[in-house]
Protein chains: 2
Amino acid sequence: MRRKGPSMPGHKATEAARREQILKAAYEVALRRGIDGLTVRAVAARARLSHGLVLFHFKRKDQLGLALLDRVLARTLALTIPDDIGAVTNPRERLQALFRHEMHRLSQEPRRIRLLLEYWARGAHNAVIREKMSVGLDSYRRAFQHIAEKALPSEPGRLSKGTAAALAATAVSLILGYPVQAMIDPDHFEVAEYLAAVDGILGQLPKAA
Amino acid sequence: MRRKGPSMPGHKATEAARREQILKAAYEVALRRGIDGLTVRAVAARARLSHGLVLFHFKRKDQLGLALLDRVLARTLALTIPDDIGAVTNPRERLQALFRHEMHRLSQEPRRIRLLLEYWARGAHNAVIREKMSVGLDSYRRAFQHIAEKALPSEPGRLSKGTAAALAATAVSLILGYPVQAMIDPDHFEVAEYLAAVDGILGQLPKAA
DNA sequence: TGCGCTATTGACCAAGCGGTTAATACATAC
DNA sequence: GTATGTATTAACCGCTTGGTCAATAGCGCA
């Protein structure tokens, strides 16, 4: 069925290297044009490859999208506590320091947050995305829950495990809420003032008698 | 250029009625299949109309999308304070009551929240969407800011207008953060516990001396 | 050197998209 | 009853998309 076909395949590469090259290109495309703009052809063009090759390494487009989601989650919700914060002995202060650190970190790469948000919305329709999202979110939340349990005064009745979990959830709300709101109107938002308000809230938290 | 053409135009309708009919269909389609599934043809099929007619009333697809966004914003971020909450005299309790009310309200229609989130993500790329979003978010936030100013102890130096605005922003984070997290893993989330944590935070807020 | 394996390419395909338009049926005005 | 205007339809168009595939070129190995 072929009419004419010169063809000129480029140089070869190991599977791992090619996958990484393609994933990197996909990441860049998604950051710039969003998930809508993440087409097989756009990724291939960015990686300077034929679009057939992209589908050769990632059999279907959604496999590429899921691999990219792993990368986004790893870079966004993988919480590593810096040494100087881990060294803070007072749990309350440690929680506040971690808060500040994460707020600044996540505010610095708004495009990645936006990409995370796009996946988030798609998670409502796609069970696989939702599951990956759930795992990432859970580990992120757990880090806060761990510190929150120590920061809370350990009263017998009032503070159950559920409370600590809920407190961790509110912490995540406060952290993600800032870049998400700032994404829409950057003018009205000062990270310092937001942090001051959150600090005021957290500072009074363990005062419970 | 026409080959053959019986055609059978249906009954006519006033412009306003048709637009409403189409918008309603678009809303239903978007709720079920997300913005990705919001195609002119899908909307037309749902409204039992030809897809040409949809484009006759909304000249371009994005005009339909923007009109739908208005509807979503009106139903989601238009904050009307119920009488029983407005009657609460203590500003702190009023703020808490409004919090509970909004949490429950927004948690009841998760699909609409998801749709709002999809638009939100697209606002990062589309200036018109972003502007509409900003207006809606601003009015929503202002309602909280208004009550927050009264709830805060009016100390001269420490509580400026910026603080109240930032506090309103944290309130919005806490309110939107819940359904957004619950959207991903509904199992780990109890609205009661989350509310208890938020109530604990807010309850201690005005204690500042 | 020559052989086989496979990564790579470009052409191809069907499906679905937004958008346009000639033909047509309906409602209204006269 | 007839003419006018327009809301409505179905066919059509050009384009992009994800996916497939025969042909091919480069590489390791004998």
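The crossing between helix 4 of chain A and helix 7 of chain A is left-handed. In this predicted model, the axes of helix 4, spanning residues 61–76, and helix 7 of chain A come within 10 Å and cross at roughly 130°. Helix 4 of chain A is therefore oblique to helix 7 of chain A. On the side of helix 4 of chain A, the contact is formed by Leu69(A), Val72(A), Arg75(A) and Thr76(A). Helix 7 of chain A contributes Arg112(A), Leu115(A), Leu116(A) and Tyr119(A) to this contact. By class, the residues of the contact between these two helices of chain A comprise five nonpolar, one polar and two charged.

This pair belongs to a chain built from helices: chain A has 10 helices and zero strands. Read from the N terminus, the elements of chain A follow the order α-α-α-α-α-α-α-α-α-α. Of the 209 residues in chain A, 34% are buried. Among the contacts in chain A that link residues at least 6 apart in sequence, 61% connect residues at least 24 apart.

A further helix pair was examined in chain B. Helix 1 (residues 15–33) and helix 4 (residues 61–76) of chain B pack with their axes 10 Å apart, at an angle of about 80°. Helix 1 and helix 4 of chain B are therefore roughly perpendicular to each other, given that angles of 65 to 115 degrees fall in that class. Leu23(B), Ala26(B), Tyr27(B) and Ala30(B) represent helix 1 of chain B in the contact, and Leu64(B), Ala67(B), Leu68(B) and Arg71(B) represent helix 4 of chain B. The contact of these two helices of chain B has seven nonpolar residues, no polar residues and one charged residue.

The two chains also meet each other. The contact between them involves 40 residues of chain A and 39 residues of chain B. On chain A, helix 7 (110–123), helix 8 (127–151), helix 9 (161–184) and helix 10 (191–204) each provide at least two residues of the side that touches chain B. Helix 9 of chain A gives the most to that side, with 15 residues. The residues of the side of chain A that touches chain B are divided among 22 nonpolar, 11 polar and seven charged.

The arrangement of the two copies was then considered. Chain A is superposed on chain B by a rotation of 180° with 0.0 Å of shift along its axis, at an RMSD of 0.0 Å. This is the relation of a two-fold axis. Of the interface residues of chain A, 98% are also interface residues in chain B, so the copies meet through the same surface.

Leu137(B) lies in helix 8 (residues 127–151) of chain B. Around Leu137(B), 21 other C-beta atoms are found within 10 Å, and Leu137(B) is therefore buried, the threshold being 20 or more. Apart from its neighbours within four places in sequence, Leu137(B) is in contact with Gln181(A), Ile184(A) and Asp185(A) of chain A, as well as with Leu77(B). Leu137(B) and Ile22(B) are 115 residues apart along the chain, and a separation of 26 Å divides their C-alpha atoms.

Methods
Residues numbered from 1 in each chain as written. Chains lettered and ligands numbered in written order. Predicted model: local features only at pLDDT ≥ 70, side-chain atom pairs only at ≥ 80, totals over all residues. Contact = placed C-beta atoms within 7 Å. Helix = DSSP H or I, 4+ residues; strand = E, 2+ residues; numbered from the N terminus. Nonpolar A, V, L, I, M, F, W, Y, C, P; charged D, E, K, R; others polar. Least-squares fit on C-alpha atoms with pLDDT ≥ 70 in both. Axes fitted to C-alpha atoms, helices over the stretch in contact; angles between N-to-C directions. Parallel < 35°, antiparallel > 145°, perpendicular 65-115°, else oblique. Left-handed = near helix turned anticlockwise from the far one by under 90°. Buried ≥ 20, exposed ≤ 12 C-beta atoms within 10 Å, placed from the backbone.
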